[in-house]
Structure formats: structure tokens, C-alpha cells
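Trainee: Please take me through one part closely: the packing of helices and strands. I would like to follow it step by step.

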Amino acid sequence: MSDERKKVNREYKDRLFKLVFREKADLLQLYNAINGTNYDNPEDMEINTLEDAVYMGMKNDISFLVKNILNLYEHQSTYSPNLPLRGVFYFSDLYRKLVAEFDKDIYSSRQIKIPFPQFVVFYNGTKEQPERQILHLHNAFPDGINREDAALDCHAVVLNINCGHNKSIMKRCRRLEEYSLFIGRVREYTGQKMVIREAIDLAVEDCIREGILATVLKENREEVCSMLLTEYDEQSHIENEKEIAREEGREEGREEGIQKGIHMAALLAECLERDGRLQDLKLLSDKDEIIRLYKEYNLAEIEKC
């Protein structure tokens with residue numbers, strides 16, 4: 001894949017989630033559903049997403065402030081145990097920005113008050129994951145060290161938002177439920193034997209007709225389709241690359257096995273020569289004879305093969 005193509009894919013990746021929750025009212029509903037709160041004024045929210053922050057090839061989705069709570073929301077279609085490390089990077093940049101904006105002096109003798117951080121990841125990949133799990137940065141630290149003594153930690157709450165999961169949250173946030181239903185419909189149709197673009201168009205048409213993300217899909221149909229096509233293309237590319245790598249690994253393994261076999265045959269032939277039976281090379285296919293030669297000549301080098 002060309003560098004330009006990769007750039008385009010990075011710009012599109014996971015933007016659909018961001019598009020669905022671009023309105024403060026919808027984002028506040030999502031926040032309330034997760035935290036069990038009942039805030040009703042979207043203007044109490046302050047969006048502070050760092051648009052130029054890119055880690056591991058992906059931009060951050062959404063970050064915002066609500067009542068001194070600093071929230072980082074990420075959508076992921078691929079599970080990664082490294083999400084807490086991403087959180088550390090991003091929260092560090094956010095706090096640096098906040099301190100600078102309010103002209104705080106970190107060398108002051110007075111305690112600087114900062115917002116309480118929350119990191120939530122919305123997972124809707126195809127591999128099975130629990131309803132809810134918490135990933136800790138301290139799991140990445142070396143074994144044998146008391147992790148409670150770590151000067152730094154971060155944890156990410158990962159919520160499975162595939163269809164049928166976290167129903168209580170979905171019930172409190174219809175927008176999230178619709179997003180889950182739409183992605184499920186897209187997967188259902190793209191899994192059938194039809195042209196990908198046609199499958200995506202069909203999923204969009206069905207959801208509009210059924211009132212699932214209807215406004216978003218009507219107003220942004222082409223953009224949504226482009227996002228999905230790009231993501232599908234990228235996933236296909238990744239799978240192809242993995243298969244190529246697996247095949248190369250199998251080929252390397254076969255070649256290594258051949259080389260070891262040649263080496264073993266040479267050593268065993270040397271043993272037969274010591275026995276004065278070099279002419280009986282057919283013995284090399286006799287398993288019992290090979291074992292006897294191992295024992296008699298104590299061929300440690302052969303054992304390594």
C-alpha cells in the first residue's frame with residue numbers, strides 16, 4: 001500500500017464513531033448512559049479533542065470536559081492491550097494544554113487542581129471480547145516488581161458495543177444502540193456474496209428506512225460509505241499481508257527443515273563410515289538404526305537439529 005493510501009486510511013479510520021457523536025447532545029447522552037448521571041445541558045460540555053495528536057497510526061476520537069471530569073473516548077475495531085499506554089500519551093498532552101490555557105505555574109507552592117480522568121474504549125471488532133474489561137498500564141511493567149509502587153499508571157475501561165452486548169447502556173443511549181445496529185447490518189451484508197459497495201449501500205438504505213441513524217446516514221451518505229469502503233479495503237489489505245507473512249514463514253520453516261535434514265544425513269553418513277558401512281546408506285531411513293547411532297556415538301550435534 002502506498003504512503004498516500006496509508007495517509008488516506010488514517011484520516012478515515014474510526015471517524016464514523018466521531019461523526020455519529022459530533023453533536024454535544026448525543027455525546028452527553030452517551031456520557032450519562034455510561035456514568036449513570038442525568039446532566040441535561042449540552043453547553044456544560046467542553047470538547048477539547050486534540051486534532052493533531054496521532055498515536056500508533058490512529059487519531060484520537062473524542063475528548064471532553066464535564067463537571068471537572070476529563071473524558072477520553074476511543075472507538076476500536078481491533079483489540080489492543082496497549083490502550084492504557086495510548087491513554088498516558090494523550091492525557092499528558094491534554095493536561096499540558098489545560099495547564100497552559102489557565103496559565104498555571106507547576107512550580108507553585110500551591111496545589112494545582114486538575115480534572116479527574118476517565119478513559120473509555122468502545123470496542124466493536126469481530127473477535128469475541130467480554131462485556132466490560134479494564135486494561136491497566138501496570139500489566140506492561142516487568143514481572144517481579146511490586147506494581148503498586150509504580151509512579152505512573154493508567155487504566156482503560158473497554159466496553160463491548162457489538163449487537164447484544166451492554167444492553168443496559170444501549171437502553172440509556174439510543175444513539176449508541178443505533179450505531180451498533182448499523183455496524184452489525186453492514187457486517188451482515190458484507191459477509192454475503194455481493195459487491196462490497198452494493199452491500200454497504202443496502203445496509204445504509206435499510207437503516208434509513210428503519211430509522212437507524214437515519215439523519216446521519218441521509219445527510220452524510222457518501223462520506224459514510226467512503227469511510228466503510230476505506231476501512232474494509234484496509235482490513236482486506238492487512239489480512240492479505242498477514243497471509244503473505246504466514247506463507248513466507250512456512251516457506252522459511254520448510255527451507256530450515258530441509259537444511260537440518262541435509263545436516264543430519266551428513267552426520268549419520270559419517271557414523272556409517274566409522275562403522276565401515278557407508279555403502280549401506282539406505283540405513284538412513286531405518287528409524288531403529290538412527291536411534292542406535294545416536295546412542296553409540298552420543299551425537300549431541302544431531303540432538304540439536
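**Helices, then the sheet**

Mentor: Start with two helices, α6 (residues 174-190) and α7 (residues 196-210): they pack at an angle of about 145°, with their axes 8 Å apart. This is a predicted model, with local features needing pLDDT of at least 70 and side-chain atom pairs pLDDT 80 or more, while totals for chains, interfaces and linings use all residues. Residues are numbered from 1 along each chain as its sequence is written, and side-chain values use heavy atoms, without hydrogens or water. Helices (H or I, at least four residues) and strands (E, at least two) are DSSP runs, numbered from the N terminus. Axes are fitted to C-alpha atoms, for helices over the stretch in contact, with angles of 0 to 180 degrees between N-to-C directions.

The α6 and α7 crossing is right-handed (near helix turned clockwise from the far one by less than a right angle). Now look at the contact (heavy atoms within 4.5 Å). From α6 come Phe-182, Arg-185, Val-186, Tyr-189 and Thr-190. On the α7 side they meet residues including Ile-196, Ala-199, Leu-202, Asp-206 and Glu-210. The contact of α6 with α7 divides into ten nonpolar, one polar and three charged residues (nonpolar: Ala, Val, Leu, Ile, Met, Phe, Trp, Tyr, Cys, Pro; charged: Asp, Glu, Lys, Arg; polar: the others, Gly among them).

Next, the sheet. Six strands form an open sheet with mixed pairing, in the order β1-β4-β5-β6-β8-β7. Strands pair when DSSP finds at least two bridges between them. β1 (45-47) and β7 are the edge strands, each pairing on one side only. On average, neighbouring strands are turned by 25° against each other, direction ignored.

Zoom in on β5 (residues 69-76). Eight bridges join β5 to β6, and the two run parallel. Opposite Val-120 in β6 stands Tyr-73.

Finally, α3 packs on this sheet. Helix α3 touches β1, β4 (62-66), β5, β6 and β8. The direction of α3 makes about 95° with that of β5.
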